[in-house]
Structures are given as C-alpha cells and as structure tokens.
Amino acid sequence: MIKSAQPVISIDQFSMKFGDKTVIDNLSFEVKEGETFGFLGSNGSGKTTTMRALLGIYQPTLGTLHINGKEFTPEDGKMLGYLPEERGLYKKESVIDVMTYFGQLKGLGKQEAREWSMKYLERVQLADKAKSKVDKLSGGQQQKVQLGVTIMNDPKVLILDEPTKGFDPVNRRLLMDIIEQQRAKGATIMLITHDMSEVERLCDRLILLKDGNKAAYGTVPEVLAQFKKKNMDDVFLHVYGEDAVLQGGEE
Amino acid sequence: MASRHNLSTVVSFEFWRTVKKPSFWIATLSFPLLFAAVIGIVFYSSKSSSDTSDQLAKEKFSIVYQDESDVVLPQVAENLRAKSVANKEAAIEDVRSGDIDAFFYYPKNLSKESVEIYGKDDGLFNNGKYSAVAEQMLKISASATIDNPELIAVTQGTISTESTTYKENGEVSAGWFAAIPPLLFLVLFYLTIAMLGNNLLNSTVEEKENRVTEMILTTLNPTVLIVGKLLATFMAGIVQAVVMLSPAVAAYFLLGAESINLPNADILSQLTFDPTAMIIGALLMIGGMMLFTGTLIAVGAIMPTAKEAGQYFGLAILVMFVPFYIIMLILSDPSAPVVQAFTFFPYTAPVTALLRNAFGSLSVLDAAIVISTLIILGTIVIMLSVRLFRYGAMEYSGRLSLKTLRLKRK
C-alpha cells in the first residue's frame, strides 16, 4: 500500500569503508511511504552495515542516510520498529518487565505498555509466561516476545533484518501476519532477507546489492524482466553466481 | 523531556532489576548478619567476662605462695586466702597432685625475673584467673606501702593525659579529631567503588551479553543509558548502606554505644570540621568516583563478557589499595618523591590525596591540581566510556579494538 511517492528512507551516495576494505560504494536508493521494500544481497554484501549507518550506529564514510528527511537519532525511535540481525532480550528479567521497559522507551506510558504487552502475549498464547524470566522461555517463545517488542509502538517505519532467521514455521507465520498487519496500517517496511519467496510475496520494490554496489533496483516484475528470469532465486543465483553462493561470507 | 522520561525509565528498570537479584541481597545481608554475629559474640563474651570476673572475685580456690621479694603483705595474702609456704618444689608437687589449686612463686628480683604461677588446669579461659590473682596480690601490696594517692595512681597506671599541640601559625592543632571527618570521604569512596563497582561493570556488559544493544541504541541515547545505570547503581548502593548500617543503629539504641565500641556523644562533640578540608575531601571523592566509575564502564564496554570484565575490576581495586602500602611514608614524609607521584598519578591520587588532606599535609594548590585532574580526566573517561559502549557493545564476540573504534566513530 504505497501512499505517495514521498521517500521515507533516502540513501544518497553512501559509501562505507572498514580500513582499506570498501563495504559499500556510492549506494543510492529510496524507500517510499507505505512501501514494503526488499533489501537483498549475499552474506557480507553490506546490508546490515547499511542499516546500522541508517540508524546512526555507524558513521558513514561518505553520503547521507535519512529517515523522514533527516539523520536518525534515538529520539526518532518512537516511530521505528527495528528487529536487528543480532537480537536478544534481558534474559534474567520477566517477559512482562522487559516488554514494559521497551514500551516505555518507545514512548508508551507504563500502564499502557503493560496492557499492550498482556494483550499481545494472549494473542501469541504466552500470557501464562508473562511473569517467567526470558531465559525460561524456549527459543521460539523468545522470538515471539522479540516481535512484540518490535511492533509495540505501532511503528511508522519497520526495519526487519533477516526476520525469519532461526524462526520456526509457526513464528514465521506470525511474523508474516504482523508484516501484513503493519502494511495494512500504512507502515513503511524494509525487509532484509535471503528468502526470495518472501520477497516475491511481500515486496513492492527491492534492491539487490553485490560488492557494495546496486546490482538490481525496482519492482519485482521489473527486476525479473531485467534479468529475464522467472523467479527471484534465479535472479540471485545469476547475480552472485553459484560459486559465490556456495562460499558465502561474513558481514 | 523525552530524555528525562527515558532516564527515569532506565533508572527505574536498572534499580529494580538490581535489587530483585538474590545475589544483591546475599551480598547486602551477609555484611549486617556478620556484623550482628560479631556484636552478638562481643556482647556475649563481654557479659561472660564480666560474669567471670565477678565469679572469680567470689570464687574460692586454694592458693599458696612463696615470696622471696618481700613485696607481698601477709594481710593482703590473707584477704585472698593465700597461705605462705617455704618449699617451692613441694608446693608445685601439691598443685600437680591436686591437693591445692594454685601456687605463686615471687622471685627475689621482680624487675628481672618472672613470677612463676602453677595451677590446676581449669580450661583455657579460666586459667587466666591465677595470674590475675597473683598480680592483684602484688599490686595491692605495693599500693599499700605507698601513702600517697597520686603515686598509687601512677603505679597502677590510672592517670590520664591531655595534650595540646600548636601549628606553625600558633593555632591549636585538633589532631585526630580534625583528621577523622575528612577521612570519612575516603571510607565512602572505598565502600562505593568496592561494593558497587562490580555491579556497574556487570550492568554495562549485560546489553552486549544479551544482544540487546542495537535495540537499545535505536531507542535510547547511550549517554542516557550510562547515566541511568550510574544513578541506579548509586541508588542500590544507598539501599545497601541503609541495610548494612541498620544493625549498628539498632545496636546503638538497644544496647548502648559501648556495646559496639561507638564513640559517645562527648567524643563526637570534640570532632573538628575544618570547612576547607571537608570541601577538598568531598571534591576529591567526587573526582575519584568519576574516574573509577568511568573506567569501569569503559572496561565493561570493551570486554565481551562479565567474566572477562571482572578480572579488570580486581585490578581497579588493587590500584585503590596500592597507596596503603606506603601509608607510613604518606603520613610521615608527604614530600617524598613516591608520595608526590602517588598524589598526582590519577588512579592513586584519590586515596593518597584523601589521606594527605585528612592529615593536613595537602596544600590547597596541590589539592586544586589533583581535583582538577580527577574531574577533567573523569569527565573524559566517562565520555569515552559512552563512546566505547556504543561501539564496544556491537562487538558481540570479542573485545573492541582501537582500530574498530576509529572506523565506527560518530
């Protein structure tokens, strides 16, 4: 549901170097309001680095990275839902305390955050675990809590970095429901993923990175047409080549 | 406004999660419990001693003595129901066989030879009664031969002295009474770092260990997080202090000052509060706390796990103790090069300067230099620690290197 052509995320001539190694080279793209945007690339292609630079965690070597027309600061976190690739929760605290804490940091009142958390936990069938410590939950249950923390402020911008990584099928389904729900509310969603079927199903547009450069950029049909392929998996293999896919890499 | 809301949220979250930990209460309660146990033992033993003394006074045990010094007066011995004997060996044999309880042998030259005491074994603690009675016989006899109460007081060591010393400017020196109040800042500094430092260190490493750093950094300014953690740690410290002091306060009111060796009101009224020394002491303590807490946060930000960070906490405590190895030199020769070095080296400065300030050997100029150094360096270290936290926290599986810090700076 693209509301307008107004970009919510704009990255302009962004370059990032770690020592002598150029991770991102002169990257520019935009994500429009209400759009679900796929940010694709193999391991080590610079996706997470771009996200960290966009969210003010890293200083870009060159270029500008804006959300809603300005550099992101933690004060803007109230309109953001971010599910990072490296994720976790305060393991020794109770589920409800952790959720309430993050809710408060995202601008909700304490009572409001607690009530929202309880409703969410009921929805994902974890209400009886509200007072359990996080480390007493299974991995899948922790993922559900993590998702709740990500969306509890009803974010206008949702950035999901490899959201299905390590998710079981049940939670994967829950995640898709949440993405659909947020899309319906008009949120702008940036999806960093390796799952090409998700991209085909969810994304309005996408960018495919290779060696820190833009290898493809456009709607799914445009990209498929550009590479004369039937699906995104084939496009990915075409861009990276099977050897590179087999070797992978570390970001 | 948002920052203030976030700060209070962080302080509340960090404070409650700290005080809800069983380890916090184990550490907090172990001190007063130990203190209460010691007080109990002291109270019981002093009561027992008092009871024992009374008992000894009333207790009748058979004593014989041989006095070659001619100091013991027969009537004194008689009052203590001691009988004179002539044969030392026979008396010892009587004690050994259990016919008599004790035999005291007073040699001819008491100033060069020891009084020999032989007694029936009555347990480790009760055996002391023999020497007590033997000494009492001598003291009472000696006092009886002196006709002057003052001389009796001198011989019995019951005289008191009162000293007045003057400073170079002619003012009366308050001595220990002036040194004690500024020394309280040293005690506070030590207790704060020793008891809360580890909490602070663990708390800083926790975000990284739990992989919540990125979520935190996108919702919260790292400075707010660090300040919030600091405030929460100090609040938890206040709770610890209240709990720890409560047995002493309770003992003071229930049992009296003497029971726990606390100074009475007369002594407290003699304490001298020199405003300059107190202000310098407070500033040295604040500067020292800034430097040490900033350093601990920085260590927490660099290290990947609480276990690794803990090793460096031990080092910080060691650095704090180092000046005590030269405490006699600090007190007797403050101008010695090593004392000067310890005074101006930032990590040994708080303790050394606080000691010198309390004992009046730290000039105002030196104090100003040390305080400025500590506060400026402390501020820099805290700012650096926020930066290190921001980037160190992203190094989930290893230590933050300077190279990484340089590349990721913002």
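Guide: Helices here are DSSP runs of H or I with at least four residues, strands are DSSP runs of E with at least two, and both are numbered from the N terminus. This is a predicted model, where local features need pLDDT of at least 70, side-chain atom pairs count only at pLDDT 80 or more, and totals for chains, interfaces and linings use all residues. Residues are numbered from 1 along each chain as its sequence is written, while chains are lettered from A and ligands numbered from 1 in the order in which they are written.

Let's look at the sheet in chain B. Chain B has 17 helices and six strands. Four strands form an open sheet with mixed pairing, in the order 2-1-3-4 (two strands pair if DSSP finds at least two bridges between them). Strand 2 (82-84) and strand 4 (116-119) of chain B sit at the edges, each pairing on one side only. On average, neighbouring strands of this sheet are turned by 20° against each other, direction ignored (axes are lines fitted to C-alpha atoms, for helices over the stretch in contact, and angles run from 0 to 180 degrees between N-to-C directions).

Now follow one pair of strands. Strand 1 (residues 63-67) of chain B runs parallel to strand 2 of chain B, and three bridges join them. To see a bridge for yourself, find B:Tyr65, whose bridge partner in strand 2 of chain B is B:Ser84.

Helix 4 (residues 88-97) of chain B lies across strand 1, strand 3 (102-106) and strand 4 of chain B, at about 155° to strand 3 of chain B (residues are in contact if their C-beta atoms, placed from the backbone, lie within 7 Å). Helix 5 (residues 128-144) of chain B lies across strand 1, strand 2, strand 3 and strand 4 of chain B, and runs at about 135° to strand 4 of chain B.

Next comes helix 6 (residues 149-156) of chain B. None of its eight residues is buried, so helix 6 of chain B lies largely in the open (buried means 20 or more other C-beta atoms within 10 Å of the residue's own, exposed 12 or fewer, partly exposed in between, with C-beta atoms placed from the backbone). Across chain B, buried residues make up 32% of the 410 residues. After helix 6 of chain B comes B:Gly157, with a positive phi near 70°.

Finally, step back. The domain assignment of chain B gives domain 1 (61-156) and domain 2 (176-407), with bounds from an automatic or database assignment. Taken over C-alpha atoms, the centres of domain 1 and domain 2 of chain B are 57 Å apart.

Note on methods:
Contact = placed C-beta atoms within 7 Å.
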